[in-house]
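Work through the following exercises with the sequence and the model side by side, and try each task before reading its solution.

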Amino acid sequence: MNRMKHRIVSAIALTGALLLTSCATKMSSDPNAPTSAPSGTVTFEGGQAAYWASATGGKGTLNYNGRRYGFTAAGVGAGGTGGQSVSGTGKVYNLNSLSDFAGTYTSTRSGFTIIKGKVNAKLTNNKGVVIYMSGVTQGLASSAGVSTVTVTLD
């Protein structure tokens with residue numbers, strides 16, 4: 001019986017975290033979303049593994065000022081369970097210089113995957129750059145939570 005209570009409490013906590021983060025991860029529902037035109041776009045391929053703590057990593061491309069720049073991303077965080085591959089795209093805001101793109105971002109994410117699913121994420125760095133990402137996932141995972149992601153230009 002104690003194990004059943006633990007599962008119920010875990011499911012309720014996961015549902016609450018998913019609901020709380022889903023509002024902050026989509027630009028359309030973020031009251032603090034930038035109103036300016038995007039500075040650039042990104043594509044990303046990677047993966048995530050989690051059991052309440054999470055690890056994320058992958059490679060992507062930044063399209064900025066008519067040029068393409070490769071980047072890698074790696075992060076750790078809290079929230080989520082399972083494993084999934086992620087393929088996503090996003091819009092970059094407040095990028096005034098290419099050098100502002102690399103750095104450490106705080107990320108909120110929400111999504112759920114049973115074989116195939118969707119994920120949304122909002123990433124913000126200390127230079128004011130904001131990235132709204134959405135993507136498709138494959139695997140078995142919940143990805144509600146927060147993380148710190150380090151982005152390095154290749």
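Two exercises follow, each with a worked solution.

The model is predicted, so local features need pLDDT of at least 70 and side-chain atom pairs count only at pLDDT 80 or more, while totals for chains, interfaces and linings use all residues. Residues are numbered from 1 along each chain as its sequence is written, and side-chain values use heavy atoms, with hydrogens and water left out.

**Exercise 1.** Determine how the rings of Phe71 and Phe101 are arranged, and which parts of the chain the pair ties together.

Solution. Begin with the search of the whole structure, which finds three aromatic pairs (rings of Phe, Tyr and Trp, the last by its six-membered ring, with centres within 6.5 Å; planes under 30 degrees apart are stacked, over 60 edge-to-face, the rest tilted). The ring centres of Phe71 and Phe101 lie 5.3 Å apart with their planes at 70°, and therefore the pair is edge-to-face. Next, place the residues: because Phe71 belongs to strand S2 (residues 67-93) and Phe101 to the loop between S2 and strand S3 (103-125), the pair ties together parts 30 residues apart in sequence. Strands here are DSSP runs (E, at least two residues), numbered from the N terminus. Finally, Phe71 and Phe101 form one aromatic cluster with Tyr105.

**Exercise 2.** Is Ser134 buried, exposed or partly exposed, and which residues does Ser134 touch?

Solution. Locate Ser134 in strand S4 (residues 130-142). Its relative accessibility is 38%, so Ser134 counts as partly exposed (buried is under 20% relative accessible area, exposed over 50%, partly exposed in between, with a 1.4 Å probe and protein chains only). Leaving aside residues up to four places away in sequence, Ser134 touches Gly88, Thr89, Val119 and Asn120, where contact means heavy atoms within 4.5 Å.

Definitions and conventions:
Helices (H or I, at least four residues) and strands (E, at least two) are DSSP runs, numbered from the N terminus.
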